[in-house]
Amino acid sequence: MERCPACTSKFGKKDLVPNNALRKALEGSHSVCKCGKKVLTKELAVHEAACKDCTKELQKTIQKLVKPAPKGYVNRSTFACPICKQDNMLQKEIVNHISTKHPGKSGVCPICKVQPYGDPNYTSQNLASHMKLRHNFDIAEYAVKLGLY
């Protein structure tokens, strides 16, 4: 069951009713891309993804928004697997990943490595066991649930 974002009441697939009038109206409607080309509205997203003018503008926007990390910044929010190099995993995800994909393997704990108290050279003989013991509880996750953040 899903919840309505507007009123929070529960609903399921059986409650969804197709809006055929809206579908017909959209099928015939056109939108104009930034490049000036008239495109069917339902195909606008596909066109914009391939349109050179749109992708150039998007790249410019991204370059304006993305700032380099300050000197000395250490990312302590996402982690990479030291065994297979899969990256951008949250603490819960990296613990689950190493426990299921690499049980019994040794390696440097990616969470301990970036902590001020951590030793980036210490190798755990059983990384999955270490991570389940030391990192299964994420204090930040519970602080958010309690409204402390």
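Author: Buried means under 20% relative accessible area, exposed over 50%, and partly exposed in between (1.4 Å probe, protein chains only). This is a predicted model, in which local features need pLDDT of at least 70 and side-chain atom pairs count only at pLDDT 80 or more, while totals for chains, interfaces and linings use all residues. Residues are numbered from 1 along each chain as its sequence is written, and side-chain values use heavy atoms, with hydrogens and water left out.

Reader: How many disulfides does the count come to?

Author: A disulfide is taken to be a pair of cysteine sulfur atoms within 2.5 Å. For Cys 35, which is in no disulfide, the nearest cysteine sulfur belongs to Cys 33 and is 3.7 Å away, and for Cys 109, also in no disulfide, that of Cys 112 is 3.8 Å away. By this rule the count of disulfides is zero.

Reader: Is Cys 109 buried or exposed?

Author: Cys 35, with a relative accessible area of 32%, is partly exposed. Cys 109 has a relative accessible area of 4%, and is therefore buried.

Reader: In which helix is the place of Leu 65?

Author: With a relative accessible area of 65%, Leu 65 is exposed. Helices are DSSP runs (H or I, at least four residues), numbered from the N terminus, and the one that holds Leu 65, spanning residues 52–65, is helix H3.

Reader: Which helix has the lowest mean pLDDT among the elements of the protein?

Author: pLDDT is the predictor's confidence in each residue, from 0 to 100, and its mean over the protein is 87. Among the elements, helix H4 (residues 91–101) has the highest mean, 95, and the lowest, 74, belongs to helix H7.

Terms used. Helices (H or I, at least four residues) and strands (E, at least two) are DSSP runs, numbered from the N terminus.
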